Amino acid sequence: MKILVTGAKGFIGKNLIAELKNQKYTDIFEYDVDTKAELLDAYCKAADFVFHLAGVNRPKEQDEYMAGNFGFTSALLDTLKKHHNTCPVMISSSIQASLDNPYGQSKKAGEELMLEYAGQTGAKVLVYRFPNVFGKWCRPNYNSAVATFCHNVAHDLPIQVNDPGVVMRLVYIDNVVDELIGALSGKENRNEGFCEVPVVHTVTLGEIADRIRSFKESRKTLTVPDMADGFEKNLYSTYLSYLPENDFSYALKMNIDNRGSFTEFIKTPNRGQFSVNISRPHITKGNHWHHSKNEKFLVVSGAGVIRFRKIDSNEIIEYYVSGEKLEVVDIPPGYTHNIENLGDTDMVTLMWANESFDPDKPDTYYLEV
């Protein structure tokens, strides 16, 4: 299948083309403002499907709206008609097409031109009225509040929220791309004559700003967003894509003593805490028990033994562990336990606890195994 993508270097175009290539589409005609104009003729002659994503949304003069969103659409359709190419054509419109402003009027004009073209030629037309689209590679400080907030917060720049109560409808770029690729095989989603992305997030502007600010603070608190919340998961992915390239890493506080170190890595509100424990050779750590807290130990380097004893029993249970054979050992409540490094090198253990550590209620009681 030969696929023409106009606006190929734009936000949606870049993401769409990247995934088309991932899915082994090889005949992709990429057209943008700096493409030689004569190539449009060749592309329109050969195309089996057209993704018309090119448009104008922040011009210097208002009449550029109509020139970009209506004029180029007209040129594209005239070129297809010239070659009697009635392949399916998708157009990127906007929910603002229903509003009486210059941008909305130009988008509405492009829609009407497309529908008229379908009536004249019998070609399949897919009109997508996108709400706000967010995700990686969207240009900040341009026309996307999400991109601007992510970029500015990540770069320690101020953000301005004029009305935090404004309700926004957003779609995530990966959902947009999935929908468009589905449209290639006739699996587009339609609603009242228009095509749509089925997953839409409705959220206030103030909430978006608050969540993005919390992502920056999460490096200090070691918390991670709620990945069960689809919007928060996608927003966090978007935020990370705007990090400065010299700021991908952040240091953790290592609690170091003569036995080795213990470092908290990730804390979650409802999925527990992850830590890294390093034990020096022939050192024993632990010798405590919990009422309700439970843990999982995974030795990833070195060799040692984990010992258990039920607090009202003298019987000791032993599990020999090693980075040569990865296995998880559950630490149940009511058992005092320790871990001893039996080797001559440091032993590294990944530890998970079912709750983040609370110094006011540690649920940890010293007792020799």
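Predicted model: local features only at pLDDT ≥ 70, side-chain atom pairs only at ≥ 80, totals over all residues.
I started at Pro269, which is found in the loop between β12 (260-267) and β13. Helices here are DSSP runs of H or I with at least four residues, strands are runs of E with at least two, and both are numbered from the N terminus. Pro269 is exposed, with a relative accessible area of 71%. My cut-offs: buried is under 20% relative accessible area, exposed is over 50%, and partly exposed is in between, with a 1.4 Å probe and protein chains only. I also checked Pro269 against Asp226: 43 residues apart in sequence, 8.2 Å apart in space, C-alpha to C-alpha.

**Ground rules**

Residues are numbered from 1 along each chain as its sequence is written, and side-chain values use heavy atoms, with hydrogens and water left out.

**Whole chain**

I counted secondary structure next and got 8 helices and 21 strands. Then I looked at the overall dimensions. The radius of gyration is 29 Å, whereas a compact globule of 369 residues would have one near 21 Å. That radius is taken over C-alpha atoms, and the globule rule is 2.2 Å times the number of residues to the power 0.38. The box filled by the C-alpha atoms is roughly 90 × 45 × 40 Å along the principal axes.

Of the 369 residues, 44% count as buried.

For contacts I use heavy atoms within 4.5 Å. Among contacts between residues at least 6 apart in sequence, 73% join residues at least 24 apart.

Charges: I find 39 positive and 49 negative side chains, and the centres of the two sets lie 2 Å apart. Lys and Arg count as positive, Asp and Glu as negative, and His and the chain ends are not counted. Each charge is placed at NZ of Lys, CZ of Arg, CG of Asp or CD of Glu.

**His52**

His52 is found in strand β3 (residues 49-52). Buried or exposed? His52 counts as buried because its relative accessibility is 1%. Leaving out residues up to four places away in sequence, I see His52 touching Thr6, Phe72, Thr73, Leu76, Met90, Ile91, Ser92 and Met114. With Thr6 there is also a polar contact, side chain to side chain, at 2.8 Å. By polar contact I mean a pair of N or O atoms within 3.5 Å; within protein, one must be able to donate a hydrogen and the other to accept it, and residues adjacent in sequence count only if both atoms are side-chain atoms. I also looked up Val199, 147 residues from His52 in sequence and 21 Å away in space, C-alpha to C-alpha.

Ser275 sits in strand β13 (residues 273-279) and counts as buried at 5% relative accessibility. Which residues does Ser275 contact, leaving aside neighbours within four places in sequence? I get Phe262, Thr263, Glu264, Phe265, Thr349, Leu350 and Met351. The C-alpha atoms of Ser275 and Phe265, 10 residues apart along the chain, are separated by 5.0 Å. Ser275 also makes a polar contact with Gln273, side chain to side chain, at 3.3 Å.

Ser322 lies in strand β17 (residues 317-322). At 19% relative accessibility, Ser322 counts as buried. Its side chain reaches the backbone nitrogen of Glu324 at 3.0 Å. Neighbours within four places in sequence aside, Ser322 is in contact with Val299, Gly302 and Ala303.

Ser241 is in the loop between α8 (230-240) and β11 (254-257), and at 37% relative accessibility Ser241 is partly exposed. Its side chain reaches the backbone oxygen of Thr238 at 2.6 Å. Ala147 is 94 residues from Ser241 along the chain, with 9.8 Å between the C-alpha atoms.

**Positive phi**

I looked up two residues here. Asn141 has phi near 55°, a positive value in a residue other than glycine. Asn141 is in the loop between β6 (132-134) and α5 (145-154) and is partly exposed at 49% relative accessibility.

Asp363 is not a glycine either, yet has a positive phi of about 50°. I place Asp363 in the loop between β20 (347-353) and β21 (365-366). With a relative accessible area of 10%, Asp363 is buried.
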